[in-house]
Each structure stands twice: as C-alpha cells, then as structure tokens.
Amino acid sequence: MKEGMKKAAAWVLAGCLGISLLAGCGKDGSQNEGTGKAGESETVSLRFLDTSPSDVRQAYFEDVFSRVKEDMGIEITYESTPLEDAANKIMVMATSNSLPDIVTAQDNWLGQFTSSEWILPLDEYLSGQEDKFADTVTKIVWANQKEMYGNIYTVPDGMMVKGIYIRKDWCEEAGINIEDLRDWTYDDYFEVIEKLTNADKKQYGMTYRGTRGAFDVIMTYLQGFTGGRTYDEEGNCLLNSDECLEAFEKFTSMYKEGYAPEESINWGFVEMVDNFCGGLTGTLNNDSEVVVSCQNSMDDSKWTVLPIPSSTKDGKIYNTVNAPYSYTISKDCSNREAAWKVIEYLSQPENNIEYCKQVGMIPVMKEVGDDPLYGEDGIYAAFVEQLNNPNMVVPTGYGPFDSTDLQQGPLYEEIQKYLLGEQDAETALDTICGLLEERMKTYLDENEGAVVDTPKTMQ
C-alpha cells in the first residue's frame, strides 16, 4: 500500500470513529418523564420502525433494546416493514397520526417527510454535539440537509461508501498487479474488466446490475463529466450531454460486448453479490456492506477491495457517500426526550461499531479506539482511504423528491430496452433525464425557496 494511502487510512482512528457519549437533553413535546434506569422510575414505552429489516438487523436491535430497558427503563417495541413497502406504509401511518416514535429513514424520503412535517428537526438536541460525529456526517449528510431543508433531521446509523471488489487470484492469472490499480482511472477499470473475462471458462470481468439500481452506478460515472452535478440551478438535467452520452455507451458496452454474463441484465443486488462470491464475475462495484458477504463465503486470499476509479476528465474520484438508514423522531412521538436518549444510546461508540461490523458500514462517531478492521491494513481500508482523499467528490443524487417509483421502473427499464436493441442509447438516456428533470422542476415549483443541491467534499 502506498504511504499516502496508509496515512489516509489512519483517518478511521482520528476522524471517523469515537469514544464519548452524547450529552442528553430534554425537549418540548415529552409527555412522559421517566427515563432513568429501570427501577428508578416508571418504564417508558416507545415504538421503533425498521424500514430495511434483516435477520442481522433485527437481532442487533432486539438485543440492544433489551439493554436500553435495563439501563434506562425505556421499553422499545421493534417493528419492521420491507423497504419496497416502507414509503407507502409510513405515509399511511403519518396521515392517521400513528407513526412509531423512532423511524429509520432513507435520505431520498426527506423531501416529502420534511415538507409534510412527519419528522422533527434535531438541531437543538445536537447543539454542541456535532463535533463528536465523523466528518462524513457533518460535512456531507448534515451539510446537505441544512442546504436542502434548513435543518438537521437524522442521525445516521452508519455510513456507506462504494469500492471495487476484485478477485486477486484472477488478477494474478491475468498478469495484473493489484497494487498498480490503487490509483486507477475508469479507462484502467474497463481494461481490467476485459482482461479478466474468459467466456470459455465462464469467467466475466464485470458484475453488471440490470434491474433496480442499474442507473445508480452509471450516473456516478457520468457525473465525472459534469463535476458531480445532476442538475443545473434551474433543475435541468445535465446527464445527457454529448459527453455523457458517449460515456453511457462506453459503460454499457461492457455488457453489450460480453464482458458481463448475459443473464446479468436481470440481476439486482442479491444476484450480483452471489455471482461475485460464487466465482462467475471478477469485479463488483458496490457498497461496504458487501464485505460481510465476502468474508462469510470467500477465502480472504481470493479477494480485496480497491477505490472507485477516478474520472478520466478531471482526475477526481466521484463516489457516493451516504447514510442508507438514519434515525429520526416522528411527529407522533409520545416522549421526545426518551426517543432522543434511545438515539444517543444507539450512537454510543461501542454500540455503533458493533452494529457497523455486523452490517458492513463505517461508524459515525469520531473515536472508538484502535480497531484493525478500519485501520490501514483492514478490509475497510479502501473505503476509508477514499473518505480521506482530497480528490474525492460526493456527487449529487436524484433529488430531494421521492424517487422510489422511478428506481423501481423506468430508470433501469430504459437501459434494458437499449441493451436488448429496442431503442438507441440516446433515446434511453434522454428519457431517463427527462423523467428526472420533470420531477426536479416540479419539486422546485411546489416548494418555495427550495434549491438544487451541490456536490460535497470532505474538505
């Protein structure tokens, strides 16, 4: 590993993770008072809604909630709903004034949630505490919320950043030195994909995503030609310029020319991970959460993670950094002070790092101690290096509106039509950009004072 990258990885210890517990503070809206240890006051009951349930997440939350009851006398009922149904379910509960006290939310829901006042601003609770959180939270997540909505509304449960998972054994066979790829461009990436492909041996260099989420990775690549922007200040989509169209054709050529399995046009997240871990594909562009799957199903000697390639236009790394799920306090919360104390408890360094290790995320507190997984030689090093790289830019997303329906349909269906020869690349990209632009301009028209978000950096 290069010396500069080793120093960057040390950011985990100095800037990403933490040791101190946030100070508790009561706010208006509390209806019950007892939030001390069990036996010292009456037990307070709260409801917690998990919008991305899994066996691992449920087991973690149920365990930590038992500790919350023992330590603070707060009893929490765990509830869940599948992610694909979550936005609609929350809307129904909000309109009937029956939202759970704490709701895990996605960033792309915040436009609707904040304009409808379904969740509460957290600025007062966080006052004086912000510097205990990692720069990824303060300079990206919260900076974006303040820019878009005027307040802070969430406390992330962990951070996600993408990397390129790659088969070390395949690279060795193909004569590729992985150390040479730690400072690579997209042109280098496409060349590696070609070299790792051997259709006769059922080995393909690229794990292609064909269904929901298919445009996410493509959009980040295109944003290397727009300076990280999705729209201009008036809401016009920038992703279908001539330059972006050429880049779109280059990216999708990896599938069209046989460097990805033919069936991958129907792959989503699960199929991508399964086929990389199973030995069908040699690279996988995905979030840090995939680390857990690789550790559970692959020999460590056969894989590693590289940073996202840099733009061939300006040399910067454009990479999504986000908090996929964050804690929010709902408007229907029965005891806001108790709800905040629960969020504090979940954010304690020892709890946060325990959770992040289980689900493959980067902790949100600044000091948790010297944990080798997040150190310069740990498996998360490539993710952490990017977060500390002065050339990394976090591009803008789809917008502050709810884009769930677009992601579940046209954003990948238009690409599939092109890949199947039913339309040309320009039509596919123009259609996608037209849908996004229409949605963005509608949001701006309906929300006086709303602005288009801008790319963020860690600087």
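Okay, let's start with Arg-67: its relative accessibility is 23%, so it counts as partly exposed, where buried means under 20% relative accessible area, exposed over 50%, and partly exposed in between, using a 1.4 Å probe and protein chains only. Its partner in a salt bridge is Asp-63, with the closest N and O atoms 2.7 Å apart. By salt bridge I mean a side-chain nitrogen of Lys or Arg within 4 Å of a carboxyl oxygen of Asp or Glu. Asp-63 is partly exposed too, because its relative accessible area is 36%.

Quick housekeeping. This is a predicted model, so local features need pLDDT of at least 70 and side-chain atom pairs count only at pLDDT 80 or more, while totals for chains, interfaces and linings use all residues. Numbering runs from 1 along each chain as its sequence is written, and side-chain values use heavy atoms, with hydrogens and water left out. pLDDT is the predictor's confidence in each residue, from 0 to 100; the protein's mean is 89, and 90% of residues reach 70 or more.

Back to the pairs. Which side chain meets Lys-162 in a salt bridge? That's Asp-287, at 3.3 Å, N to O. The two sit 125 residues apart, with Lys-162 in strand β5 (residues 160-167) and Asp-287 in strand β6 (residues 283-287); strands here are DSSP runs of E, at least two residues, numbered from the N terminus. Both Lys-162 and Asp-287 are buried.

Then there's Glu-179 with Arg-182, a salt bridge at 3.1 Å, N to O. Arg-182 counts as buried because its relative accessibility is 12%, while Glu-179, at 36%, is partly exposed.

Finally, Asp-50, Arg-57 and Asp-157 are linked in a salt-bridge network.

Note on methods
Helix = DSSP H or I, 4+ residues; strand = E, 2+ residues; numbered from the N terminus.
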